[in-house]
Amino acid sequence: MDISSINNYSGGVLSLIYASGPVAKVVLSILFIFSIVSWTIILYKLKQYGRAESDAERFMRTARDADSFKKLVTTYRETPNNAFYRLMFASYKEIASRQKENPGIRPEIMPSVENALKIIMSEETDRFERRLSFLATTANTAPFIGLFGTVWGIMDSFREIGLKGTTSLSVVAPGISEALIATAIGLATAIPAVLAYNYFNGRLKRILSKMENASMYILNLLEK
């Protein structure tokens, strides 16, 4: 092993990445991109779900204190981007359109209000689930991409052994190092993604459950 090789393999992970071959660098670049996008989604979802849970608490508190749907509409003031505000506004809009023809909240308009609530629930579910699939994709594919780098590094090691006719450490070590780096970074990319995916799925179920409860609150207030 010459002096330059010794410097490459004694300077830490970054030196090993710098000294790796073109295929290993492509594999590592792909894994880095997956990792950066995954962490961006994780931070975005933390903010989005945290805000939705705060919105749910405020809506439930207001709905419990309201004795009529009219009072709920007048006291709950939030931004249009709020899922719970959209549920209330969709109900209000549906009732207002029906009251143009015949004033008053009649029992026969309740099915149309329920349908309006279901549509908003479906739209909000799509919005909350958006980009979660990328975390699942990262969790499933990153280990295999790292494995590809591992296999390539081992193949390169055997090729060097065949070309140089020796099994010395200076011949085998570079390929093994590339293999180990690809495996390690593949796992480091996949593990946070799978943990985040499962964690956000749990929080999403709780948010959707609160939206169903909010819909029930709205329907109960309309029937009073």
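1. A residue counts as buried when its relative accessible area is under 20%, as exposed when that area is over 50%, and as partly exposed in between. The points below use these words for a predicted model.

2. Alanine 179 belongs to helix H8. Its relative accessible area is 4%, so alanine 179 is buried. Which residues does alanine 179 contact, leaving aside neighbours within four places in sequence? They are Gly149, Thr150, Gly153 and Ile154. With threonine 150, the C-alpha to C-alpha distance is 3.6 Å, although 29 residues separate the pair in sequence.

3. Leucine 208 is also a residue of helix H8. It counts as buried because its relative accessibility is 17%, and the cut-off is under 20%. Setting aside neighbours within four places in sequence, leucine 208 is in contact with Met121 and Thr125. The C-alpha atoms of leucine 208 and methionine 121 are 7.9 Å apart, while the two residues stand 87 residues apart along the chain.

4. Helix H6 has 20 residues. From its first C-alpha to its last H6 reaches 28 Å, which is close to the 28 Å expected at 1.5 Å a residue. The buried residues of H6 include Leu117, Ile120, Met121, Glu124 and Thr125. Just after this helix, arginine 131 has a positive phi of about 75°.

5. The largest nonpolar core has 40 residues. Those touching the most other members are Phe59, Phe69, Leu72, Phe84, Leu87, Met88 and Ile218. Helices H3, H4, H5, H6, H7 and H8 each supply at least two residues of this core. H8, which covers residues 169–223, gives the most, with 11 residues. A second, separate core has 12 residues, among them Leu28, Ala142, Ile181 and Ile185.

6. Leucine 87 can be followed from the largest core to its contacts. Not counting residues up to four places away in sequence, leucine 87 touches Leu117, Ile120, Met121, Met211, Ala214, Ser215 and Ile218. Of these, Leu117, Ile120 and Met121 are among the buried residues of H6.

7. In soluble globular proteins, nonpolar side chains tend to be buried together. Where does this model have a nonpolar patch on the surface? The patch is formed by Phe144, Leu147, Phe148, Val151, Trp152 and Met155, with about 610 Å² of accessible area together. Tryptophan 152 is found in helix H7, residues 132–164. Is tryptophan 152 buried or partly exposed? Tryptophan 152 counts as partly exposed, because its relative accessibility is 34%.

Technical notes:
Residues are numbered from 1 along each chain as its sequence is written. This is a predicted model: local features need pLDDT of at least 70, side-chain atom pairs count only at pLDDT 80 or more; totals for chains, interfaces and linings use all residues. Side-chain values use heavy atoms; hydrogens and water are left out. Patches are made of residues with over 30% relative accessible area and no salt bridge: like charges are joined within 9 Å, nonpolar side chains (Val, Leu, Ile, Met, Phe, Trp, Tyr) within 5 Å. Accessible areas come from the Shrake-Rupley method with a 1.4 Å probe; for residues, only the protein chains shown count as cover. A salt bridge is a side-chain nitrogen of Lys or Arg within 4 Å of a carboxyl oxygen of Asp or Glu. Helices (H or I, at least four residues) and strands (E, at least two) are DSSP runs, numbered from the N terminus. Buried means under 20% relative accessible area, exposed over 50%, partly exposed in between (1.4 Å probe, protein chains only). A nonpolar core is a set of buried Ala, Val, Leu, Ile, Met, Phe, Trp, Tyr and Cys residues joined through side-chain atoms within 4.5 Å. Contact means heavy atoms within 4.5 Å. The expected span of a helix is 1.5 Å times one less than its number of residues.
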